[in-house]
Amino acid sequence: MKLYLIRHGQTQANVNGVFCGSSDIALTAEGQCQAQHVGRQLASTPLDALIHTGMRRSQETASIIAQGRQLAMETQPLLQEMAFGDWEMRHHKELEATQAEGYQAWCQDWQKADVPQGESFTAFTQRIRQALQQVHLRPQESRLAIVAHQGSLSLLLAMMLKLAPADMWRFPFKQGCLCEIDLSHGACVIQRFNDSGI
């Protein structure tokens, strides 16, 4: 199985450096250019499906990549970003000033501390594990492009490599780049990571 993992293009939340999980926002002009660049990288690559998370930034990226191609588009909500509840669209400096105790507790033990009204890391991990199980149910010869989010992609890749969930931070997905994965009989090989094609 061949997987092409793609982080959605830039959003204003990325520019502002704020928490953005369940907030449904569009790409910036730069984000659209990044998606076009990935589309050019994949132009000659045969794909069985182009999967996005249903969030606007992911769906918009996928639609741009698919332009000019006859591709099956699928939605997989299990791969949406972790939801940050009351912290959505807020900067860490604001949280340090207004919710210092809760924010510091999360920074010190983000795997167990709760985000107010948000999704726990345990629940997020279970959701991404379900998404991976869905991938494994596909035919072994499948060639899939998956457009998702920094958190969901990095956790998905850590799981495919059979690493601990906390190892997700080893994989900072860049926008406008490709990650190419070979999956065979449970083994995961990274062929390319953050390949900008330049």
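This is a predicted model: local features need pLDDT of at least 70, side-chain atom pairs count only at pLDDT 80 or more; totals for chains, interfaces and linings use all residues.
Me: Why is Leu156 called buried?
Reply: Its relative accessible area is 1%. Buried means under 20%. Leu156 is therefore buried.

Me: Where does Leu156 sit, and what is it in contact with beyond its sequence neighbours?
Reply: Leu156 belongs to helix α7. Leaving aside neighbours within four places in sequence, Leu156 is in contact with Leu5, Leu79, Ile128 and Leu132. Contact here means heavy atoms within 4.5 Å.

Me: How far apart are the C-alpha atoms of Leu156 and Ile190?
Reply: They are separated by 13 Å. Along the chain, the two residues are 34 residues apart.

Me: What makes α7 mostly covered?
Reply: Eleven of its eleven residues are buried. Among them are Gln150, Ser152, Leu155 and Met160. The cut-off for buried is under 20% relative accessible area.

Me: Which elements do the buried residues of α7 pack against?
Reply: They pack against β1, α6, β4, β5 and β6 (187-195). After α7 comes Lys162, with a positive phi near 60 degrees.

Me: Why is β1 described as largely enclosed?
Reply: Six of the six residues of β1 are buried, so the rest of the structure largely encloses the strand. Both faces are covered. Lys2, Tyr4 and Ile6 lie on one side, and Leu3, Leu5 and Arg7 on the other.

Me: What makes β1 and β4 a pair, and in which sense do they run?
Reply: Pairing needs at least two bridges. β1 and β4 have six, in the parallel sense. The two strands therefore count as paired.

Me: What links β5 to β6?
Reply: Six bridges, in the antiparallel sense. Ile181 has Ile190 in β6 as its bridge partner. The two strands form a hairpin with two residues between them. His185 in the turn has a positive phi of about 50 degrees.

Me: What makes a set of residues a nonpolar core, and which members of the largest one touch the most others?
Reply: Members must be buried residues of the listed nonpolar kinds, joined through side-chain atoms within 4.5 Å. The largest such core has 39 residues. Leu3, Leu5, Trp106, Met160 and Ile181 touch the most other members. The elements supplying at least two residues each include β1, β2 (49-52), α5 (100-108) and α6 (121-136). α7 gives the largest share, seven residues.

Me: Which residues is Leu3 in contact with beyond four places in sequence?
Reply: Its contacts include Val135, Leu144, Ile146, Met160 and Ile181. Glu180 is also one of them.

Me: How many residues line the largest pocket, and which lie nearest its centre?
Reply: The lining has 24 residues. Phe19, Cys20, Glu81, Phe84 and Gln150 lie nearest the centre. The pocket holds about 510 Å³ of space.

Me: What is the class make-up of that lining, and which helices supply at least two residues each?
Reply: The lining of the largest pocket has 13 nonpolar, eight polar and three charged residues. The helices are α1 (12-16), α5, α6 and α7.

Notes: Residues are numbered from 1 along each chain as its sequence is written. Side-chain values use heavy atoms; hydrogens and water are left out. Buried means under 20% relative accessible area, exposed over 50%, partly exposed in between (1.4 Å probe, protein chains only). Helices (H or I, at least four residues) and strands (E, at least two) are DSSP runs, numbered from the N terminus. On a 1 Å grid over the protein atoms alone, a cavity is a set of points where a 1.4 Å probe fits but cannot get out, and a pocket is an open set with protein on both sides within 12 Å along at least five of seven lines; lining residues have an atom within 4 Å of a point. Grid points are joined across faces, edges and corners, and a volume is the space filled by probe spheres set on the points. Ala, Val, Leu, Ile, Met, Phe, Trp, Tyr, Cys and Pro count as nonpolar, Asp, Glu, Lys and Arg as charged, and the others, Gly among them, as polar.
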